[in-house]
Amino acid sequence: MAAVYGLLSGDRRYAEAGNAHPGTVISVAEPTGYFITAVLAALCLGALTYVVMASRPEPDGLIDAASFRIHVLAERLSVGWLAAAAAMIVIQASHDSGVAPSALLSGTGLIDAVGASEVSRAWIVVAICALLTAVALRFVTRWVGHVVLLVPVVIAVVATAVTGNAGQGPDHDYSTSAAIVFAIAVAALTGLKLVTAVAAGTPNRAVSVTQVICGGVVLGYGALLLLLLVPGWPIGSDFGRIGLGAGVVVAVVWVSDLRNLRADRLPSATANTVAAVAMMAATAALATLAASTAPRLLTHRFTAWDVFLGYPLPRPPTVATVLSLWRFDTLIGTAGVVLAIGYVVAFVRLRRAGNSWPAGRLAAWLIGCVALVFTSSSGMRAYGSAMFSVHMAEHMTLNMFIPVLLVLGGPVTLALRVLPAARDGQPPGPREWLMWLLHSRVTKFLSHPMIAFVLFVGSPYIVYFTPIFDTLVRYHWGHEFMAIHFLLVGYLFYWAIIGIDPGPRRLPYPGRIGLLFAVMPFHAFFGIALMTMASAVGGRFYRTLDLPWLSSVVDDQHLGGGIAWSLTELPVIIVIVALVTQWARQDRRVASRTDRHADSDYGDDDLEAYNAMLRELSRMRR
């Protein structure tokens, strides 16, 4: 389908976008390459996901024989994925520049063409991730290794999705966030269908539940992307008709999976094969959409707002605008809502089972989730994408305030108390996966107090004082990446300091307080450096954006430095209060155990004295 589309669209596809035609070979190779790489990436993601969910690891963590067959499949496919992604770098550069590959490869033209094409650079990221996956799969045979390898595969799946249609034009903040979730869900669903049909036979229940969730996500986020990328009624263009056709295919597969799940029956091998073929067809349709330009981008008259932000900001930020300007983040904002609902459901189940759970932990978690939604979806994010000062307030909230509240919620402890253990003869479930992950070497390394400390204090310097920020600030996916990164790094650090959940071997309380205060000079110096710099961090982007009511980009950075320097105090106060409270509770528990032990010893002494007296009386009688 992808090759036929490339052949039939011919000059028309390039003329609509205003690009030169690079030749029939590239016109066919680009959508075909999208399809091949998408299928191979989906197979790798599906294989790794299947191993994580369906394997029965040995006590030392090695996966079982059945899962190892899936591992070998992923290992072989990853090599082909690498080759296809490498070829797509040249194909995409030729497609975007309108120059034949032979001409690009004959001199330095390829470097210039790749540098001018965002999608070509995305294919470089895909190739690097595929290379890491292919090499690692040669050596990784343990369960936790497959969990870690999901990270580069997911990055590769997302890379091309955020640099295509979804990352361009008006409202691209909405479409970029939606494309991230959509691409992951499509790849996971397609990969699981193909893996279960080709190599794994009948899937277990966990895999079936995952497929149903992914199908629902694909339909919901796919509809949102169509509304954003196709103006008016979707069937008015080839782009819309192909998108609707892919949606119908996914809907049929999803309804079938949902019926099987509700009836508590697993699909047969034949049904898996049919569903896998259907998802291949849907992937081919989506590949043609990825290789073409969305109708909205062809008809819309672009402004600087559309190119750099996706929305206008005609007024300066005020308390009213920050509170009233909402652009809901369909990635992080949705995650905040889902985390809040999941925690409440677990809390209610625990209480209904007759077990208690501190209300303070519930309150901390929910406040943290509300703060996460507000930070990612309110005017703080809208203005934070355009102004360094507001961005720094967003960064500090995500890095130093929200993680404290989430850590104090104790989500892992709650999950372990609610999730049922797998029965004898059944494959491991979420509770077992969580336990393995908690006790893995990767988690122990990342959550070690000193490692968490280095990541926490070093991340701002690496992000803001290197060219990394110049790239991340330009794109909405960059803001999403920074938000997730700073949130996770903050969570790791505060988990080591005030964590309630089981985890790293923590320092004594005086050591934790010392580690907390050791952070303050680094953050203070970071803020002071921003306040005193004569050049602007990310200055090229901010000056190009040219906000009409922002007189000086450097002055705005100085304000951001002051925010970074001053906002460290409130989180430190909260953490100190939590530390002192935990320390006092531990002392009370130790004192209580000591008193009980002393009482027990006192009772034993009396009993021993009484027995000695009886022995003496017995001896005297003799």
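**Exercise 1.** Determine whether D171 and R327 are buried or exposed, and how their side chains meet.

*Solution.* Step 1. Both D171 and R327 are buried, where buried means under 20% relative accessible area, exposed over 50% and partly exposed in between (1.4 Å probe, protein chains only). The model is predicted: local features need pLDDT of at least 70, side-chain atom pairs count only at pLDDT 80 or more, and totals for chains, interfaces and linings use all residues. Residues are numbered from 1 along each chain as its sequence is written, and side-chain values use heavy atoms, with hydrogens and water left out.

Step 1. The side chains of D171 and R327 form a salt bridge with an N to O distance of 2.8 Å; the term requires a side-chain nitrogen of Lys or Arg within 4 Å of a carboxyl oxygen of Asp or Glu.

Step 2. D171 lies in the loop between helix 7 (143-163) and helix 8 (172-200), and R327 in the loop between helix 14 (319-324) and helix 15 (332-352), so the pair ties together parts that are 156 residues apart in sequence. Helices (H or I, at least four residues) are DSSP runs, numbered from the N terminus.

**Exercise 2.** Identify another salt bridge of R327 and the parts of the chain that it links.

*Solution.* Step 1. R327 also pairs with D173, the closest N and O atoms being 2.7 Å apart. This pair links the loop between helix 14 and helix 15 to helix 8, 154 residues apart.

Step 1. Both R327 and D173 are buried.

**Exercise 3.** Where is the kink in helix 22?

*Solution.* Step 1. A kink of about 40° lies at G458, shortly before the proline P460; the bend is the angle between axes fitted to the seven residues ending there and the seven starting there.

Step 1. The buried residues of helix 22 include G458 and P460.

**Exercise 4.** How many disulfides does the structure hold?

*Solution.* Step 1. There are zero disulfides, a disulfide being a pair of cysteine sulfur atoms within 2.5 Å.

Step 1. C44 counts as buried because its relative accessibility is 1%. C369 is buried at 2%.

Key
Helices (H or I, at least four residues) and strands (E, at least two) are DSSP runs, numbered from the N terminus.
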